[in-house]
Amino acid sequence: MSLVKFIAMDPFNQLMTPRFQVHKNNLEKLFYPRSVAVVGTNNIKGTVPYDILYNILKAEFKGILFPVSPGEKSICSVRAYKYVIDIDYPVDLAILVFPAQVCHMAMEQCGQKGIKAVVIISAGFKEVGEKGRDRETQLKMIAERYEMSFIGPNCLGVINTDPAVCLNASFARKMPEEGTIGFLSQSGALCTAVLDYARAKHIGFSKFISFGNKADISEIDLLYYLKDDEKTKVILLYLEEVSDGLALMRAAQDIIIETGKPVLILKSGRTDAGASAAASHTGSLAGSDEICNAAFKQAGIIRCANIEEMFNIAIAFAYQPLPKSNQIAIITNAGGPGVLTTDAAISEGLELATFTEETTLLFKKYLPATANIKNPVDVIGDARADRYNLAITGAMSDPGVDGIFVILTPQSMTDIDTIAHEIVKVTEGYTKPVYTSFMGEADVRSGVDILQRNKIPHYILPESMCRSFARVCSFKSDRYERNLQVKTFSDVDKKTVQSIILKSLEQHITFLSEEKAVEILEAYRLPIIQGLVANTSAQAAEAAAKIGFPVVMKVLSDEIAHKSDVKGVILNVTTQMEAEKAYQSILHNVNISKPGVKIQGVYITKMVNAGREVILGIKRDPSFGPVVMFGLGGIYVELYKDVSFSVAPVSESAAESMIHEIKAFGLLNGMRGMEKYDTASIKSCILRLSQLAMDFPQIQELDINPLIVLKEGSGSFVADAKIVLQ
Amino acid sequence: MDKSEIRSKIKYVIGQILEKDVSEITDDSNFVFDLGASSMQSLQLIAAFEEEFGIEMDQEKAMEVQTVSGAVDFVSACLN
């Protein structure tokens, strides 16, 4: 299987930009500085300028620290300099804590000093409006001039827990524990909550970065840095807005393919007003959150619903080996939780392993007669550490088991802490993942603490445990099964499409009605039905007869987006007389609904009663670029919104996934003995639409509604289409 | 009051509030970047200028003044 990376298809390759290379060179200095200057610090305890410096000292930074303060001789007993250019030593990293109005002055001096990496903590930039935006631009210009890179402004700071550095250049309350999770956040305030949450659970970080306004270094640069960071095994990202969706997808794919590191994202702002303003079906269905979902899935990014879920999954990746399969063993000291866990596991697509005879005999021999020795194994309520040891060891040794879930409920005789220690001990040296759920809160707290300190994933609820394991399993299988190859069609007629689009735009026509839309689709070899345009009722009758009855007659106008809404569509016309009447009716209806609208005629096509209606479309997203949509037509899209999306260019496997993942796929796939429909034809249409969208950035939205799909092997054809240009 | 008198009074007031020798204060000195004024001290400077010159300043506009020469021009405009 050959993997063609997304990056090869993108003409705007982020990795080639000069700024990206500058950042790549400077980020090492930012995270591993030998010397740090805190510029704008003071002696007022409880202020950000003071606390930043104090935190660096408190964390026992391994390098040299230089306070820069025009008003003080020393800060925290460390000699202070009036200006950064007064420091008579090389400085690798500057942390700017001056008020926004003077940051540019400090930045200029940093540039003159030769400092390449800067973190700008100060607020008062683009987040406050135009004046702030201008200040930010000024900082960027200085950074470009001196080939510097900066994080922020308006951020919490950066933390590197590597014992070689111990850098807490932030105003977070405490330095986190060292770990293997890299955390990137657009929100500084969220960072402090996350740090506190993680601290309580002994979750450690490799690098912890609040990137604020991302005026210079963005999450993309940081993702690439963490890709190559040996201390980072899992990458978490909190984003409020996706500025460059394609770059984000590319970065994630590079990380996953090259290193196997999972990328988890929590993106806020799920509601969307943009979709409501769209002209087409596709446009209205393709809200920004739906597109984000599709794009993240396509790139292999694991999207999380909340912070808790994000860390639940992160610790599974960070602490335990990846499972070989989804076959699990559940060990519990209570039947009820065992059943709950089983239910949750099955609903997440996991499977309960069937033990070998050897394992079963072992359990039969050493567990009490009242114990359940099948999966889930119930070691019963009076189980102590020895019984847990036996059950876990037995399950670990069973070749059919690839993951172990250990459940504990605190009975009066349950030696919780000892069992926790036993789990830690017994699982050492095994390559199968173990997850735990000590159910409860107060009594189990110390036992949970033991598990967390020893990096055994613990989940307050078995359901979270199952969900996390399932996500790990699907990440693993996705990584090796994805084929990103993109097909390019050479039989397309770009000139015709270009000509139609250019002529339309010259006449300020941005809405292309069916006739022109069909012509464009035909140029890209999508299957169409030939239609004829009639400008009189007599022509309508003649055209209908030529095409062959029954026919469909539709108003043709660049000003009517939804023909049915104006009663501009008449189906099943069966005679020439009907055709004449239908022509007149259509014009009459349209004149009543939309008086004065320009009509180019009535478009007549053959009516086909066989086949299934599907909808295909394109929407150009400001962040991700063109997105292709597919769904079953009619009520499936109107009521259930049962559609799937892929960001273009759509690979062959992505096109297949799009078709398979809609809930109503069974209706195309011959469920319950029904006919199978030509999904290969749908796939071809998706791929051609993808290419059309990539070739012509002027296409803002496109609807094929419906595409009539005939039975397997018989193809499909476009029954109606419209295009919106930008 | 001419500008040079305004200038020397302003420098005197700054020296008092920011505990600096007047010789360290130049016309181009930025209150924050060169003289280390905190946000509290910036407000104190405004109050002190108002008292020294018997004027009332628009606080928002006054906060935008960043340098000694800027303050001289601002106070001068208020007096006139």
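Bear in mind that the model is predicted.

**Domains**

Chain A splits into four pieces, going by an automatic or database domain assignment:

| Domain of chain A | Residues |
|---|---|
| Domain 1 | 6-268 |
| Domain 2 | 319-481 |
| Domain 3 | 494-606 |
| Domain 4 | 612-725 |

Taken over C-alpha atoms, the centres of domain 2 and domain 3 of chain A are 65 Å apart.

**The four-stranded sheet**

Chain A has an open sheet of 4 strands in the order E21-E24-E22-E23, paired antiparallel. Strands E21 (531-534) and E23 (569-573) of chain A sit at the edges with a single partner strand each, so each has one side with no neighbour in the sheet. Ignoring direction, neighbouring strands are turned by 25° against each other on average.

Strand E22 (residues 551-556) of chain A joins E23(A) through 3 bridges, again in the antiparallel sense. If you want a spot to look at, Met553(A) has Ile570(A) in E23(A) as its bridge partner. Helix H19 (residues 537-547) of chain A packs on this sheet and touches E21, E22, E23 and strand E24 (601-606) of chain A. The direction of H19 makes about 15° with that of E24(A).

**Nonpolar cores**

The largest nonpolar core holds 237 residues, and Ile95(A), Leu96(A) and Ile331(A) touch the most other members. Helix H10 (residues 307-319) of chain A supplies the largest share of this core, with 9 residues. Leaving out residues up to four places away in sequence, the contacts of Ile331(A) include Val377(A), Val379(A), Tyr388(A) and Ile392(A). There's also a second, separate core of 21 residues, with Val551(A), Val552(A), Leu556(A) and Tyr583(A) among them.

**Strand E30**

Why is strand E30 (residues 721-725) of chain A described as largely enclosed by the rest of the structure? Because 4 of the 5 residues of E30(A) are buried.

Two strands pair with E30(A) as follows. Strand E28 (residues 699-709) of chain A runs antiparallel to E30(A) over 5 bridges, and Ile704(A) stands opposite Ala721(A) there. Strand E20 (residues 511-512) of chain A is also antiparallel to E30(A), joined by 2 bridges. Here Phe511(A) stands opposite Val724(A).

How values were computed: Residues are numbered from 1 along each chain as its sequence is written. Chains are lettered from A and ligands numbered from 1 in the order in which they are written. This is a predicted model: local features need pLDDT of at least 70, side-chain atom pairs count only at pLDDT 80 or more; totals for chains, interfaces and linings use all residues. Two strands pair if DSSP finds at least two bridges between them. Axes are lines fitted to C-alpha atoms, for helices over the stretch in contact, and angles run from 0 to 180 degrees between N-to-C directions. Two residues are in contact if their C-beta atoms, placed from the backbone, lie within 7 Å. A nonpolar core is a set of buried Ala, Val, Leu, Ile, Met, Phe, Trp, Tyr and Cys residues joined through C-beta atoms within 7 Å. A residue is buried if 20 or more other C-beta atoms lie within 10 Å of its own, exposed if 12 or fewer, and partly exposed in between; C-beta atoms are placed from the backbone.
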